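Please look through the sequence and the structure shown here before reading on.

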Amino acid sequence: MLDVRSRRQRQICIIDRDGRECIIELFRVIFSGILQSEKRLETFLKNKLELKQIINSLNNFEKIKELGSEIYKKFNLEYPYKTIDVEENNNFIIQSNRTYISVLGNGKSHIILDFNEERNQVDIKTVNKDESKSTKYNIFELIRSINKFLRQVGFYLENTAAMIEKHAKDIQNDESRIIYDKSNYKYSLAHELMILNEHLKHLEATTINYKKNKKIIGDISYYSHGLSYFHLKDSDNHLGSTHIDFFTSYSNPEKILLELCSRAKVYGISATATIKSVYSNYNLSYLRKMLDENYIEPDDDEIVQIQDMLDEKREIYNDININIKAIDNYKCNLIEEKIGEDYFTSNDNFAKNRLLELFSVIDDFSTHESSQTLLILNRANSSKSKDGEYSQDKISEIMKIFYKNIECIFVDSKNYDNLSGDLAKALDKNKKAVVISSYASIGAGVNLQYDKAFYEGDLLSYKTLDYIDNKKDFDEIFLGDLTYNKPVLNDDTTNNERLKYLYLLQEFYYLGLLAQKDFKNNAKAIFRSNGYSFMCFKNQKHFDLAMASQIIQAIGRITRTNNKNKNIYIYYSLNLIDRFNDIVFANEISEYEFLPLEAQKLFDDLQEKIKTPKPVQNDMMINKANYVSDQGHKYIKGLLARNWSDDDIALWKQLREVVLRYPTITKRKLKELEKPVRQIIKEFYFLHNKEHYFYTNEGDFKEVNIYFDEPNAPCYQVSQSNAKLDILLKNPLISKFFEDNEFATSFKCCDFKNEDEFYILSPVLFQNIYKGSLGEFVGKCILDDYFNDFCSEFSLGELDSEHYEFFDFVLEKNSEKLPVYIDFKHWKLSYKSDEYLIVDEIKAKMKSLDAKVLFIINLLAGYDEFSIREINEDGLKMVILPYLIDENNSQINNKALEVFFENIKDFK
């Protein structure tokens, strides 16, 4: 059972729990231990594994040593690192998922590393973007490399410990023999490698982020990968070097909850469980995506059943008057006149107005004969103020003079356990009592009901499941201001608190509430500026809904029992209206089915006074689309950059087939697909209401801006026309190929009668995967057909995992691989120059494969003149065929096939 409202507190606990250390020193210590411990490791593994397993384990250990040695040498880690001409202790690097953001005190944008032979140290320098291009290494490369090393060590410990545990269980022949679990073996392994326990915890955390099921696309969001920041720190304790202290928080409440859900059923219970605010609740959209069919909400029948129970319970409300009152300036002025200006002398208008509001409510309460108890909640607890306008002493003084028959009880988080006894004493002494506290202290989760025997008037009661309640609720409540909800940074803000706000920024970016540029700028501002506040979010609903959630929780303090006063009073500060001016309040709250009737009445009253804002939904959809594109680009880039495993290859193939079958897909159709396919679409697609959109692209998808309407600037388009799909499908061979493989023949997936939006693939997926796969699949289809008709001894084969995706295919003759490779393209470029070819990179790949000939074959073009181009360098031959299909008539270019055959026929 989980009270979902405590999510934000969990996040704070997680951040406060995690630690920090210099990343270079961490690498040096762990690498040094590994260099000295090979013999110890070999001894430890004996009798714990079979010989073959030991050899395999030691080989993997050797690879880790080689990686560490490469990093140590490449970045000159035997020498100290020292900042040069840098503002001390005001330089940070933020790592969010696969993005690095530098925050430098001197306004520069990049940090480079330069080995200083004269000083025998590595200089850490800050430069502008243009200057960074000429340098050999930057600090991001160092961090990435060390993180990779630490991750490899973590995986080695994890996998080897699991292997030892399994082997111990397999050979167990004595039931009395002790079998240790994986954690025991892992700690023992770490000890043999001279890895300290505190370092082992970090290594363990680095492996948590990686998916357990490698056969489906994992979670690529920051929730899985965590957040880090690095602080370039100079100190009198290490004058000769600069520490690059890092703080990493791999955990977050959503991640912990998903882990719980993988082990057991979890019930999330709260009066505000479905309020869609990541500031006060879990990110429900993320949980829904990750849990998929295991994310269960009440169905229509259950909602009706609950509603019927509530309606039965609410029958007594036909005889109850719920009075909603806003405390306005007129009432405050009357109170100031009644009590006297001498009690309101402060120049602090904010505190003065709060005091006037408080006594405006108490004054009204004093006149209600049927009311016995009043609860006053405000944004800060008055009991914490020792002096000033809104202080416990000032309030008590006024109460004793003007409201002698009302007992006043001040409650904070330290003494609310005594509230029940204090309230009983107060009601014994007087007929009325007022409890003054704050939202944070008792605004949620605290039971304030008291024995109904103290109340001498008539109560309306109802029974629930034959249970008779002997308690009664408070009769009245005042809801004060909630301005504290929006976080503000100042001189006292710790770096841990800054990380908390960075988490919040990342959540808003994930939800589409921030554009990528805004996310980066705000992230920098958090670490650069004091006095920074989330003013950029003042029009965002998540803060406002968090406040709405607190109001619902606060109203819940007076809706606990089955015994009701005939008259219920709910007061609120007019400041609350200002807090809600910028959201579509009625639409959001109306989605919440089970509001207490008291809360419904309050929100109806608020809604009448709240201004109608301009819709921001389209901006949110575009921001979310940009986020999906950014994350997809980083994932695909990471996949292409690493060594291919069999699981990686299987995922890559699946990804290509998914985009060809579903360039767009409705929400309803998505539910019918298998989970691995659904996961791909949820990670790499976004919601849209047209079969096309536009985007601009800088730096090979490093910065993409998506537009749902064509901008007045040069741009690219994602659409079936841009992919030339219609032209391709006019060819009978290709049309049948699409039909046989169930590939989509159109980007149109719905008629908008039943669904107003659907999923469409992101720009990087369209350009790099969809169009690339289209070229590869269609090109292979044409060559396979040609081979079948004219030269059946030839076929196209896959490249091995070591060279996977170097090129598309290797040519085979009678199932024997030839030094001939084929790379299909779906380009829209001029072939009169070599600008589209990175010749040196291609030559390096060909040499690695011992290739002799490479065919670069473009899929479609409409040139009047068929111009073959050849490049011959260093004994390597590249043949460029400008098109296989003539886009003017959709016919296959037989001349290209003839040229292809002439170049391969003599290979043996």
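**Salt bridges, a sheet and its helices**

In this predicted model, Glu-873 and Lys-843 bring their side chains together in a salt bridge, with N and O 3.0 Å apart. Glu-873 belongs to strand E33, which spans residues 869-873, and Lys-843 to helix H31, residues 839-849, so that the pair links distant parts of the chain, 30 residues apart. The two partners can also be described by their accessibility: Glu-873 is partly exposed, with a relative accessibility of 33%, whereas Lys-843, at 10%, counts as buried.

How many salt bridges does the structure hold? The total is 41, and another of these pairs is formed by Glu-192 and Arg-40, whose side chains meet at 3.5 Å, N to O. Because Glu-192 lies in helix H7 (residues 182-192) and Arg-40 in helix H3 (residues 38-45), this pair ties together parts of the chain that are 152 residues apart in sequence. Glu-192 is buried, its relative accessible area being 18%, while Arg-40, with a relative accessibility of 33%, is partly exposed. A further salt bridge is found between Lys-817 and Glu-812, where the closest N and O atoms are 3.5 Å apart; here Lys-817 is exposed, with a relative accessible area of 52%, and Glu-812 is buried, with a relative accessible area of 13%.

Six strands, in the order E12-E21-E19-E13-E15-E14, make up an open sheet in which the pairing is parallel. Strand E12 (321-327) and strand E14 (406-410) each have a single partner strand and stand at the edges, so one side of each is left without a neighbour in the sheet. On average, and with direction ignored, neighbouring strands of this sheet are turned by 15° against each other.

Which residues of H15 are buried? They are Lys-394, Ile-395, Ile-398 and Met-399. These residues lie on the same side of H15, because they cover an arc of only 130° around the axis. Exposed residues, namely Asp-393 and Lys-400, are carried by the face of H15 that is turned away from its buried side. The buried residues of H15 have their packing partners in E14 and E15 as well as in helix H13 (329-339) and helix H14 (349-366).

Another packing arrangement concerns two helices, H4 (residues 51-74) and H6 (residues 139-170), whose axes are 10 Å apart and which pack at an angle of about 170°. Since an angle over 145 degrees counts as roughly antiparallel, H4 is roughly antiparallel to H6. On the H4 side, the residues that make the contact include Phe-61, Ile-64, Leu-67 and Ile-71, and on the H6 side they include Phe-149, Val-153, Tyr-156 and Met-163. Ile-64 can also be placed relative to Leu-35: the two are 29 residues apart in sequence, and their C-alpha atoms are 10.0 Å apart in space. Leu-35 is found in helix H2, residues 23-35, and is partly exposed, with a relative accessibility of 44%.

The elements described above belong to a chain that contains 32 helices and 36 strands. Of its 908 residues, 53% count as buried. Among the contacts in the chain with a separation of 6 or more, 75% are between residues 24 or more positions apart.

Technical notes: Residues numbered from 1 in each chain as written. Predicted model: local features only at pLDDT ≥ 70, side-chain atom pairs only at ≥ 80, totals over all residues. Heavy atoms only, no water. Pairing = 2+ DSSP bridges. Helix = DSSP H or I, 4+ residues; strand = E, 2+ residues; numbered from the N terminus. Axes fitted to C-alpha atoms, helices over the stretch in contact; angles between N-to-C directions. Buried < 20%, exposed > 50% of the residue type's maximum accessible area, 1.4 Å probe, protein only. Arc of directions from axis to C-beta. Contact = heavy atoms within 4.5 Å. Salt bridge = Lys/Arg side-chain N within 4 Å of Asp/Glu carboxyl O. Parallel < 35°, antiparallel > 145°, perpendicular 65-115°, else oblique.
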